[in-house]
Amino acid sequence: MIFEDAREHSMVEKGIAAMKLTTITNVSLDGVMQGLGGADEDRRGGFERGGWALPLFGKDIEGTTFVKDVYQRADAFLFGRRTYEIFAGYWGVMEDSGNPIATALNTRPKYVASTTLTEPGWANTTVLSGDLATAIRELKAKPGGELQVHGSGNLVRRLFDNRLVDEITLLIYPMIIGQGTRLFPESGPDIALDLVDSQVTSKGVTIQVYRPTGRPEYATAIAD
């Protein structure tokens with residue numbers, strides 16, 4: 001971490017902006033991120049409540065506009081394999097229709113963390129199969145704007161474990177799913193966050209943007 005701080009300080013002195021790694025995650029109020037897009041998108045662990053986000057998101061003009069703007073900010077994308085394959089199967093086969101999300105995903109560099117994927121079919125894809133933390137630090141050292149991670153829960157947790165995340169965007173849906181994989185595990189690193197932006201759409205989706213600031217402070221004694 002001392003080396004990383006020194007590198008970033010040097011780049012700032014030279015007027016070069018290091019690439020920022022941001023995660024963008026849709027979660028329910030109880031933290032579930034599994035299977036948001038469709039009933040059969042992800043049935044791991046017997047999950048039976050897939051497709052919970054689209055009925056609300058499809059009616060949420062403010063939320064849709066926000067997400068489109070987010071994709072247009074990206075200089076590159078980083079995925080875990082499962083999310084990569086879901087996106088490739090939907091956005092990767094979409095013809096150029098002027099959709100800003102499809103345009104961003106199909107024209108900008110994509111990186112996928114996988115030790116088993118050898119021949120990615122989606123254009124402009126690079127597979128990161130070695131030391132993931134080192135590879136991502138090298139990506140972040142390049143000048144640029146945002147390296148975005150959408151979905152990819154397992155990958156996001158690894159990024160947090162290695163303190164590689166610069167900014168977190170959560171779209172929190174007003175519903176309790178009651179089963180499925182949560183974004184954050186029951187046990188993991190503790191992280192303090194600064195809230196840098198917050199808004200609520202007319203459909204009740206809360207959009208929160210945070211930046212990690214280190215470890216939280218804990219009380220050391222019981223107050224009188």
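Contact here means heavy atoms within 4.5 Å of each other. Helices (H or I, at least four residues) and strands (E, at least two) are DSSP runs, numbered from the N terminus.

## About the model

This is a predicted model, in which local features need pLDDT of at least 70, side-chain atom pairs count only at pLDDT 80 or more, and totals for chains, interfaces and linings use all residues. Residues are numbered from 1 along each chain as its sequence is written, and side-chain values use heavy atoms, with hydrogens and water left out.

## Where two helices meet

Let us start with a pair of helices. Val67, Lys68, Tyr71 and Gln72 in H3 meet Pro100, Ile101, Ala104 and Leu105 in H5. By class, this contact has 6 nonpolar, 1 polar and 1 charged residues. In this scheme Ala, Val, Leu, Ile, Met, Phe, Trp, Tyr, Cys and Pro count as nonpolar, Asp, Glu, Lys and Arg as charged, and the others, Gly among them, as polar.

Two packed helices are described by the angle between their axes and the distance between the axes. For H3 (residues 61-73) and H5 (residues 100-107), the axes come within 9 Å and cross at roughly 20 degrees. That makes H3 roughly parallel to H5. Axes are lines fitted to C-alpha atoms, for helices over the stretch in contact, and angles run from 0 to 180 degrees between N-to-C directions. Angles under 35 degrees count as roughly parallel, over 145 as roughly antiparallel, 65 to 115 as roughly perpendicular and the rest as oblique. The crossing of H3 and H5 is left-handed, a term used if the near helix is turned anticlockwise from the far one by less than a right angle (right-handed if clockwise).

Gln72, in helix H3, is partly exposed, with a relative accessible area of 44%. Buried means under 20% relative accessible area, exposed over 50%, and partly exposed in between (1.4 Å probe, protein chains only). Leaving aside neighbours within four places in sequence, Gln72 is in contact with Pro100 and Arg108.

## Two nonpolar cores

A nonpolar core is a set of buried Ala, Val, Leu, Ile, Met, Phe, Trp, Tyr and Cys residues joined through side-chain atoms within 4.5 Å. The largest one here has 30 residues, of which Tyr71, Leu105, Leu171 and Tyr173 touch the most other members. At least two residues of this core come from each of helix H2 (54-57), H3, S2, helix H4 (81-90), H5 and S6. Not counting residues up to four places away in sequence, Leu105 touches Tyr71, Phe77, Phe79, Phe87, Trp91, Lys110 and Trp122.

A second, separate core of 26 residues includes Ala113, Leu147, Leu164 and Tyr210. Tyr210 lies in strand S8 (residues 206-214) and counts as buried at 19% relative accessibility. Beyond the neighbours within four places in sequence, Tyr210 is in contact with Asp166, Glu167, Ile168, Leu170, Leu193, Asp194, Leu195 and Val196.

## Helix H7 and its cover

Helix H7 (residues 153-161) has Gly153, Leu155, Val156, Arg157, Leu159 and Phe160 as its buried residues. Their cover includes strand S1 (20-28), strand S2 (74-80), strand S3 (110-113), helix H6 (132-140), strand S5 (146-150) and strand S6 (167-173).

Ser152, in the loop between S5 and H7, has a phi near 55 degrees, a positive value in a residue other than glycine. Ser152 is also buried, with a relative accessible area of 4%. Just after H7, Arg163 takes a positive phi of about 50 degrees.

Ala76 lies in strand S2 and is buried, with a relative accessible area of 4%. Apart from neighbours within four places in sequence, Ala76 is in contact with Pro109, Tyr111, Glu146, Leu147 and Gln148. Ala76 and Ala104 are 28 residues apart in sequence and 8.7 Å apart in space, C-alpha to C-alpha.

Gly35 sits in the loop between S1 and H2, and is buried at a relative accessible area of 3%. Between Gly35 and Gly50, 15 residues apart in sequence, the C-alpha to C-alpha distance is 4.5 Å. Asn124 lies in the loop between S3 and strand S4 (125-128). Asn124 is partly exposed, with a relative accessible area of 44%, and its phi is near 65 degrees, a positive value in a residue other than glycine.
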